[in-house]
Amino acid sequence: MATRSFLSALDTVKVGVRGSKKYTGDEFGGAAGARGDGPPTGTPGNFMFATGIECSYPMTRHGRRDQLRECGHYTHWEQDFDLVQNLGLKYLRYGLPYHEISTGPGTYDWEKADELMAGLRRRGVTPILDLLHFGLPDWLGDFQNPELPVHFAAYAGEAARRYSWVRHFTPVNEIYVTARSSGRDGLWNEALKSERGFVTALKHASAASILACHAIVRERPDAIIIQSESAEYLHDACVEPRADLTLHNKMSCLSLDLLYAHPPDADTYRHARAHGLNATEYQWFMAGEPPGHQIIGSDYYGRNERIILPDRSELQAEDILGWHTLARRLHRRYRRPMMHTETNTFDADRNPAWLWKQWMNVLQLRREGVPVVGFTWYSLTDQIDWDTGLAELNSRVNPVGLYDLQRQPRPVEAAYRTLLQNYGQITVVPHGEVFELTGGPATLRVQV
């Protein structure tokens, strides 16, 4: 049975949003966008040291898992923002609850979001506004819905218009993880266990991100887009390489390939085409790159690297490659500025050393000439049930935060303070203090 393409939704879906513009396949192939070249910041010394508020909200077999609620942010948001400010951080990865704000096609409830965003603005904290984090509004269904890209782009445009003071955005967080957990692993949202489910979710989330970039840049032409994606790798501990593991590693780059019009290799292309990406959709993705100053955010947890033994059992394999090597591969492939956008371990006592280890990865990559423009400890507070990927409802606290759920500092908080005291004034590029950008990418002034 033929599956409806998301491209057909560009012509048929109507959204009643003020200032909305019809999306068409021709207009919004990536080639219509800017290349995104240019510095990602307008002030000297503005390396993006950040943390984040954990904001995942996928549907699971236990219902909606809303980490903003489970981790107490809705109750303690003012204290949370004060903690960010008092730590001296200027940047915060921050997600609004898309599943609650979007109440129907072109209709939104911004009341709570307005209060939260005003609180950030009062404190001078710069949000990296996360618009979709693993879940969808009930009325949209799931990531198999071909209308998702159009409706989400309308939402992104409205968010950019409403919060016109915001410049930094992550349209769709971890597209690959979203698609894998929803379409292949059966854990979230549509809970499918198929390659077609995975490829379909991935193409819809990628198209949603591209259209959202267009909608954001129409409202904020100098927008900075940080495409946060998981850095993962499976190490094959078998003398004869196994084809499925090789393909798995290649497929982990498919979301960024589609975002940045980078032709995947033949194996990846054939697999995607055989499982839900049709030729017209592929051509649409390859038409060009989305607009905005694009940064690749790379999320690295040691548990993302795994050794697959001959009997298919797994071992955690942190630091065989590490963030340095995985991020360098991404930079070589896409030639974009990089940002370390998430990291932690589940061991609170070990986290200070892990923080410094990840920072050494950042410094080493910068010494090698790779433009790493930011670093994030994720998250501000502990999380709930991420040891099972939110699939089990155990209410287990994962001690990953700078602060625990009583908002008391964990050991890694002191380590981050020390790091900031020693490195907090570094420039976004080495020796970049001689340049100052004012008023947008066309105005360059040399300081004297």
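Where does Ser395 lie? I found Ser395 in the loop between strand 16 and strand 17 (397-398). Strands (E, at least two residues) and helices (H or I, at least four) are DSSP runs, numbered from the N terminus.

**Before going on**

I noted that this is a predicted model, with residues numbered from 1 along each chain as its sequence is written. Local features need pLDDT of at least 70, side-chain atom pairs count only at pLDDT 80 or more, totals for chains, interfaces and linings use all residues, and side-chain values use heavy atoms, with hydrogens and water left out.

Most residues other than glycine have a negative phi, and most peptide bonds are trans. I looked up the exceptions here. Phi of Ser395 is positive, near 55 degrees. Ser395 counts as exposed because its relative accessibility is 55%. The cut-offs are: buried under 20% relative accessible area, exposed over 50%, partly exposed in between (1.4 Å probe, protein chains only).

Arg407 is not a glycine either, and its phi is about 65 degrees, a positive value. I located Arg407 in the loop between strand 17 and helix 15 (411-423). Is Arg407 buried or exposed? Arg407 is at 4% relative accessibility, so it counts as buried.

The peptide bond from Tyr378 to Ser379 is cis, with omega near 20 degrees. Ser379 sits in the loop between strand 15 (372-378) and strand 16 (383-384).

I followed the strands next. Two strands pair if DSSP finds at least two bridges between them.

How many bridges join strand 9 (residues 224-230) and strand 11 (residues 293-299)? I read 7 bridges, in the parallel sense. Ser228 stands opposite Gly297 in strand 11.

**Rings**

The structure holds 25 aromatic pairs. Rings of Phe, Tyr and Trp (its six-membered ring) pair if their centres lie within 6.5 Å; planes under 30 degrees apart are stacked, over 60 edge-to-face, the rest tilted.

I checked Phe6 and Trp284: edge-to-face, 5.3 Å centre to centre, 75 degrees between the planes. This pair links distant parts of the chain, helix 1 (residues 6-12) and helix 12 (residues 279-285), 278 residues apart. Phe6 is at 1% relative accessibility, so it counts as buried.

Why is the pair of Tyr176 and Phe198 edge-to-face? Because the planes stand at 90 degrees, with the ring centres 5.9 Å apart. Tyr176 belongs to helix 7 (residues 175-184) and Phe198 to helix 8 (residues 195-219). Phe198 has 0% relative accessibility, so it counts as buried. Arg184 lies over the face of Phe198, 4.0 Å from the ring centre. The rule is CZ of Arg or NZ of Lys within 6 Å of the ring centre and within 35 degrees of the ring normal.

**The core**

The largest nonpolar core has 116 residues. Such a core is a set of buried Ala, Val, Leu, Ile, Met, Phe, Trp, Tyr and Cys residues joined through side-chain atoms within 4.5 Å. Which residues touch the most other members? They are Phe152 and Tyr416. Helix 8 gives the largest share of this core, 13 residues. I also listed contacts (heavy atoms within 4.5 Å). Leaving aside neighbours within four places in sequence, Phe152 touches residues including Tyr98, Leu131 and Ala208.
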